[in-house]
Amino acid sequence: MSDTRRRVKLYTLNEDRQWEDRGTGHVCCSDEETSLTVTAESDGSLLLESKIITSTAYQKQQDTLIVWSEAENYDLALSFQEKAGCDEIWEKICQVQGKDPSVEITQDPMDESEEERLEDLESAHVLDLPACEPEHLEEIAELVTSVLSSPVRREKLALALLSSGFIRKLLLLFRSCEDSHHRQALHHLYEIVRGVLFLNKASLFEVLFSDDCIMDVVGCLEYEPALAQPRRHREFLTHTARFREVIPITDSELRQKIHQTYRVQYIQDIILPTPSVFEENFLSTLSSFIFFNKVEIVSMLQVRICVCVVCVCVCVCVFQEDEKFLTEVFAQLTDEATEDDKRRELVNFFKEFCAFSQTLQPQNRDAFFKTLANLGILPALEIVLGMDDVQVKAAATDIFSYLVEFSPSMVREFVMQEPQQADDDVLLINVVIKQMICDSDPELGGAVQLMGLLRTLIDPENMLAPASKAEKSEFLSFFYKYCMHVLTAPLLANTSEEDHDLTEGSARVNPVCPDNFQTAQLLALILELLTFCVEHHTYHIKNYIMTKDLLRRVLTLMNSKHTFLALCALRFLRRIIGLKDEHYNRYIMKGNLFEPVINALLDNGTRYNLLNSAVVELFEFIRVEDIRSLIAHIVDHFYPALESIEYVQTFKGLKGRYEQEKERQSRGLSRYRRDARSFEEDEDMWLNEEEEEEDVSDTGFDKSKSDYGKFMESEKAKESQDKENQPKRSTTGSFKFTFAHSAAANASNGSKPPPSSSSSGSRPAAPPAGHTPRTGLVDYPDDDDEEEEEEEEEEEEQAPRKRPRLGS
């Protein structure tokens, strides 16, 4: 078993003057090299190797801390599990430096100027303090204030205050001055106690914050000279702030540490004024004092939760009586019969416990959250989040955020293992979505937080591990089946349609467009989440949008008086078009979904604003990326309304692209026709030559054996093959070919020409009976796209469409 006396945590002070946990290990002091080494208990790696230098100032704090600086702005700290281990290492440090182990700092700081050194050499070695009497309080206050600029004099004053028990004498004097209402003396005591705190010495904090002194320290700080009436901090700490034991605490040391930490935190955050730039470093030790207290509290609370390591498997187990107790705590949390105050206390306890756990090492923090998950924290949150108490829901949301941040996969696994009941409202994710939708905060602060958590849960980026492929597919299928309809419910409800005002193929609806600012904010959050889904969920969101005709409903929000909401709807469309997916493009064209965007641009008029720029950027993207199907649709349907816009060249550029495509298609058709006529002329010349040969021949000639006979046999074979591959008649009565015939060929057979298309001229017809079809010499690959466009336009012509509202 490892020596727990030498078990330590290693901390370093970062640039923000916050202590960072570098790991847990075991410390030893080498006699040969006189150095401190810390070896990690997890993998045996070396966390620290620091040589003990005689000029380095080592400081012992709170019986279990050793703090020192190795370079400028590089502070280190060792936090021991046991006081005996700290004393042992401290004795060895003092032995190397030739110091008495009874001291709490081995060296005086030597960063003062030479002038200050001379002053200190001239002064006495021991600082004499004035008598602790009311008439000398002003002199003491001036002395305390004057030493703050000199590190050496601060150290001498701290030693003088400790050696003579001067602080306790001051606090006794405070009681007598307060009883006699000696206001001037109380003002001086405020300056003295504030100055003593700014000495920034942990040894003084141990006295000031002890149980018998801390309330008198708070009392001194109530009498700020700038205030006409003293504050009532002691009244708040003793009567208003009550300590509630959700989990019974029998350890008196733990209880005392919790009380002390709360009161010191109150002094730092509430009582002391915000320090100036000059004073901000004076309280760094106070921040460290609070931090290490919190670490110690969490460690002492975790005595109930043991981490057991068996071979390479790490499992978290709880003592049997504690597991039973915590199970009862969760049962009380979810029991409807539990009083509101009691439930609020339970939720706040778990919230604070989760917050304190952030100071633990990663492996210990993981064990903590796994323990909570095993005990049923997620089912409990599922019930608590649905309660009406605002404070309980806020605390439960914070706990849920800690769990999602810790392991999104753990939350997803729980959600998918929930029993699939007839009512989807009981699912945890649906409960979270409903809390987001029903947030009563006018600024929707809680809704924004929950939206971020939902985004984390549905983000495929944290499902990229090979083992998570099944998780990604299963969870997204689950989410779109059981949860997506809950998320989009407010959107669909606020963009409802009136059947009598809606015609097929038209994007114009009669919506109940949200004018309420809070509702508009909520819809903007939902659209932001849906836009994220478009970017990261390909199949699932595409299927949902097309099945529910969701884009049409979203674009009705272009009519909203809230510009930010119209921009969110436009951003949703922009993300869809940015995918350059032809399935989406055909859906947009068939539904005529550019109409509300064009109307918004025209209604905006000549105003140069964000909406105008966003719409123009959308069409500029289509032009630059040369999305031909959308370009043809926009020019065919909307160019007359857009051609008057000349402050940008975007729409004229779209028209130019459209004309180029038509010209290219026309050139391709002409080339085919020229090639076909050349083939006919060559055939006629060949036949004429064969007839002349027959006239000059004197003997019989077997045509079947000649080159011409072979050619005709091959042509007949082609004809029979073409008949077998004859195209099927489509639902519109026309045919589909990969090449075009002339209109004259159709007329010679007496067939009725099909409806014309705006993009490709006359439609192809079946060849006349008994005529050999001639295959085009060049088969252009773009003809397939051309025919698809023609077929879609015929479908649009057959479907009734409401006339768009377009103005110049």
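Visitor: Why does Arg 6 count as buried?
Guide: Buried means a relative accessible area under 20%, exposed means over 50%, and partly exposed covers the range in between, with a 1.4 Å probe and protein chains only. Arg 6 has a relative accessibility of 16%, and therefore counts as buried. This is a predicted model, in which local features need pLDDT of at least 70 and side-chain atom pairs count only at pLDDT 80 or more, while totals for chains, interfaces and linings use all residues. Residues are numbered from 1 along each chain as its sequence is written, and side-chain values use heavy atoms, with hydrogens and water left out.

Visitor: What makes the pair formed by the side chains of Arg 6 and Glu 88 a polar contact?
Guide: A polar contact is a pair of N or O atoms within 3.5 Å; within protein, one atom must be able to donate a hydrogen and the other to accept it, and residues adjacent in sequence count only if both atoms are side-chain atoms. The two side chains make such a contact at 2.3 Å. Arg 6 itself is placed in the segment before strand E1 (7–13). Contact in the wider sense means heavy atoms within 4.5 Å. Not counting residues up to four places away in sequence, Arg 6 touches Gly 25, His 26, Val 27, Cys 28, Cys 29, Glu 88 and Lys 92.

Visitor: How do you know that E1 and strand E2 pair, and in which sense do they run?
Guide: Helices (H or I, at least four residues) and strands (E, at least two) are DSSP runs, numbered from the N terminus. Two strands pair if DSSP finds at least two bridges between them. Seven bridges join E1 to E2 (residues 19–30), and these strands run antiparallel. Leu 13 has Trp 19 in E2 as its bridge partner. E2 also pairs with strand E3 (residues 35–40), in the antiparallel sense and over six bridges. There, Cys 28 stands opposite Thr 37 in E3. In total, the protein's secondary structure comes to 33 helices and nine strands.

Visitor: Which residues of the largest nonpolar core touch the most other members?
Guide: A nonpolar core is a set of buried Ala, Val, Leu, Ile, Met, Phe, Trp, Tyr and Cys residues joined through side-chain atoms within 4.5 Å. The largest one has 119 residues, and Phe 400, Ile 545, Leu 551, Ile 577, Phe 594, Phe 619 and Ile 622 touch the most other members. Helix H22 (residues 517–536) gives the most to this core, with twelve residues. A second, separate core of 50 residues includes Leu 148, Ile 192, Leu 272 and Leu 286.

Visitor: Why is Leu 523 called buried?
Guide: Its relative accessible area is 1%, so Leu 523 is buried. Leu 523 is placed in H22. The C-alpha atoms of Leu 523 and Ile 437 are 9.1 Å apart in space, although the two are 86 residues apart in sequence.

Visitor: How do you know that the span of helix H28 agrees with its number of residues?
Guide: The expected span of a helix is 1.5 Å times one less than its number of residues. H28 (residues 610–624) has 15 residues and should therefore span 21 Å; its end C-alpha atoms are 21 Å apart, which agrees. Buried residues of H28 include Leu 611, Val 615, Phe 619 and Ile 622. Leaving aside neighbours within four places in sequence, Phe 619 is in contact with Phe 594, Val 597, Ile 598, Ile 634, Thr 650, Phe 651 and Leu 654. After H28 comes Asp 626, whose phi is positive, near 55°.

Visitor: Is Leu 630 buried or exposed?
Guide: Leu 630 counts as buried, because its relative accessibility is 0%. Leu 630 lies in helix H29 (residues 628–642). Beyond four places in sequence, its contacts are Ile 577, Asn 585, Met 589, Phe 594 and Ile 622.

Visitor: What makes the phi of Leu 444 worth a remark?
Guide: Most residues other than glycine have a negative phi. Leu 444 has a positive value, near 55°. Leu 444 lies in the loop between helix H18 (428–437) and helix H19 (445–457), and with a relative accessible area of 3% is buried. Lys 580 also has a positive phi, near 55°, and is found in the loop between helix H25 (563–578) and helix H26 (582–590). With a relative accessible area of 42%, Lys 580 is partly exposed.
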